[in-house]
Amino acid sequence: ADAATLYAYADSLRLYERARECAEALDRADDLAAVDTAMGDVYTLKGEPLTAAEHFERALAATGDPAEALRLKCKIGEAYVLIGDTRALTFVDEAKTVIDPTTQPAEYARVTMIEGRFHHYHGRSREAAERLHLSLEAAEHPEDVGLQGWILGYLAGAYQHLIRFEESNRWAQRAIDLGKETDRPGVAAIGYEFKMENAFMRGLWNECLEHAARHRALAEKACSSDRLAWNHVGQAYARIGRGDLVEAESTLGDGILLADKLGDERLAVFLGCWLAQVFADSGRIDEAVQMADRWLERANTLGFKSGRGEALRVRAYVANRTADHDLVLVHAAEAESLLDGSDEQVHPIWFANIICEALICSGRHDEAEVKIHNTLEATRTAGMPHFEALALRERGRLAAARGSKESARTDLDTAAAILEELGSRIELARTLVLRAPLMDDAEAERDRQRARDLFEACGAAGDLAALSAS
């Protein structure tokens with residue numbers, strides 16, 4: 001156990017394995033359960049929740065103590081919730097029937113935390129926050145820093161998807177502070193992970209990479225495999241946003257391999273979808289279609305609204321790159337139906353510019369106008385400048401389609417300035433291409449040349465080819 005607290009996981013597990021062999025040889029069930037529980041705790045610290053759950057389940061099968069069985073069911077649920085495995089709920093339902101919140105606050109906190117997190121997975125972030133606040137209140141009494149860290153992180157996640165990013169960052173900072181105060185780098189990493197996500201969800205690519213660097217350093221210090229795996233989320237999406245397509249593809253490929261190794265299907269779905277987006281931006285449309293369809297199927301199998309919604313958005317993104325506006329709107333309708341009744345607010349903003357372009361190109365201008373207005377209002381309230389710029393670009397596209405050249409130019413100028421400041425190179429180049437026909441010949445050629453340079457630097461071969469053919 002001492003070796004585990006010093007992150008010498010291999011030494012700790014080797015000693016426990018020897019103890020397990022002795023307990024098994026002597027047919028000492030209680031000792032066997034204790035050793036498997038301890039090994040599960042080590043694998044939890046090591047960031048391998050699936051293996052941790054296996055050891056906790058072995059311990060559960062061996063123990064004859066009802067109180068210990070309850071604790072183990074809560075630990076199993078906690079391990080499975082980390083990778084979005086619905087088996088967590090089976091153990092939670094069993095545990096709930098016997099938990100006394102007054103005398104068993106740690107177990108109550110775990111169960112309530114797991115319920116809250118599954119509400120989040122299904123797009124019910126307000127309910128998630130309510131459950132997590134109850135969980136945190138219960139967890140503040142027992143000295144379980146790891147449990148408290150995850151509750152704080154999950155609260156950050158709930159407010160994140162309600163686009164209350166400053167509130168989310170406050171909870172993330174509490175996890176960072178807790179980790180520093182208790183010398184638990186893995187707990188501090190949880191806080192930086194959510195700050196990293198908040199940054200890329202807003203389009204703050206450089207800030208995201210700064211948080212990702214701190215997150216990775218802490219995850220490495222804690223020797224935490226699952227936190228290192230989730231580091232690929234921020235590293236990859238910030239690079240997609242900046243147009244660093246080669247680096248993004250490499251990061252995504254490495255992340256998918258690690259997610260599959262850890263059994264984290266939820267992480268794999270996000271990374272796999274974004275790899276399809278990278279293929280589309282790189283002009284590899286056939287690969288993008290195959291990849292997007294593959295990960296949409298896996299997302300549907302997993303069943304969580306967050307993963308399915310993002311898979312539909314990326315499939316529509318790929319369709320948009322081939323100007324298949326009808327297919328974009330089919331997937332948009334599927335996503336709208338999927339999220340009906342949820343309070344998910346990030347996804348509709350991320351999807352909006354793709355939908356608006358398809359609506360405008362399909363002549364459905366009034367529908368596009370309403371969606372653009374709502375998206376601009378939401379992005380400005382939440383502080384999501386990249387997505388505000390994309391909404392402004394679509395308002396410019398709509399104005400141009402209606403013949404309002406001056407209004408179109410104003411919106412496109414503003415969008416380009418925001419994207420330039422953020423370093424959103426591919427979207428900036430697409431905005432310049434859209435603006436060029438509204439300018440005089442010399443200005444138009446400057447915009448087109450700048451767009452060419454950006455597409456070439458990013459490796460956006462499809463956009464480059466389309467520009468050359470225009």
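Biologist: What does Arg 131 count as, judged by relative accessibility?

Modeller: Start with the scale. Buried means under 20% relative accessible area, exposed means over 50%, and partly exposed lies in between (1.4 Å probe, protein chains only). Arg 131 has 25% relative accessibility, so it counts as partly exposed. Glu 115 is at 14%, so it counts as buried. Keep in mind that this is a predicted model: local features need pLDDT of at least 70, side-chain atom pairs count only at pLDDT 80 or more, and totals for chains, interfaces and linings use all residues. Residues are numbered from 1 along each chain as its sequence is written, and side-chain values use heavy atoms, with hydrogens and water left out.

Biologist: How do the side chains of Arg 131 and Glu 115 meet?

Modeller: In a salt bridge, with N to O at 2.7 Å. The rule asks for a side-chain nitrogen of Lys or Arg within 4 Å of a carboxyl oxygen of Asp or Glu. By that rule the count is 43 salt bridges.

Biologist: Which helices hold Arg 131 and Glu 115?

Modeller: Helices here are DSSP runs of H or I, at least four residues, numbered from the N terminus. Arg 131 is in helix H8 (residues 125-139) and Glu 115 in helix H7, so the pair ties together parts 16 residues apart in sequence.

Biologist: Which residue forms a salt bridge with Arg 227?

Modeller: Glu 193, with the closest N and O atoms 2.6 Å apart. Arg 227 sits in helix H13 and Glu 193 in helix H11, so this pair ties together parts 34 residues apart in sequence. Arg 227 is buried, with a relative accessible area of 5%. Glu 193 is buried too, at 3%.

Biologist: Where do Arg 409 and Asp 413 lie?

Modeller: Recall the helix rule. An α-helix has 3.6 residues a turn, so residues three or four places apart point the same way. Arg 409 and Asp 413 both lie in helix H22 (residues 405-422), four residues apart, about one turn of the helix. Their side chains meet in a salt bridge (3.0 Å, N to O).

Biologist: How many aromatic pairs does a search of the whole structure find?

Modeller: A pair of aromatic rings is described by the distance of the centres and the angle of the planes. Rings of Phe, Tyr and Trp (its six-membered ring) pair if their centres lie within 6.5 Å; planes under 30 degrees apart are stacked, over 60 edge-to-face, and the rest tilted. The search finds 13 pairs. Take Phe 118 and Phe 304: their ring centres are 5.9 Å apart and their planes at 65 degrees, so the pair is edge-to-face. Both Phe 118 and Phe 304 are buried. For Phe 200 and Trp 350, the centres are 6.2 Å apart and the planes at 50 degrees, so the pair is tilted. Phe 200 is in helix H11 (residues 185-202) and Trp 350 in helix H19 (residues 346-361), 150 residues apart.

Biologist: Which residues are buried in H24?

Modeller: Ala 444, Asp 447, Ala 451, Leu 454, Phe 455 and Cys 458. Look down the helix axis and take the directions from it to the C-beta atoms. The buried residues of H24 fall within an arc of 100 degrees, so they line one face. The face turned away from that buried side carries the exposed residues Asp 441, Arg 446, Glu 456 and Ala 457.

Biologist: How many residues of H15 are buried?

Modeller: 16 of the 17, so H15 is largely enclosed by the rest of the structure. Gly 283 follows H15, with a positive phi near 85 degrees.

Notes
Helices (H or I, at least four residues) and strands (E, at least two) are DSSP runs, numbered from the N terminus.
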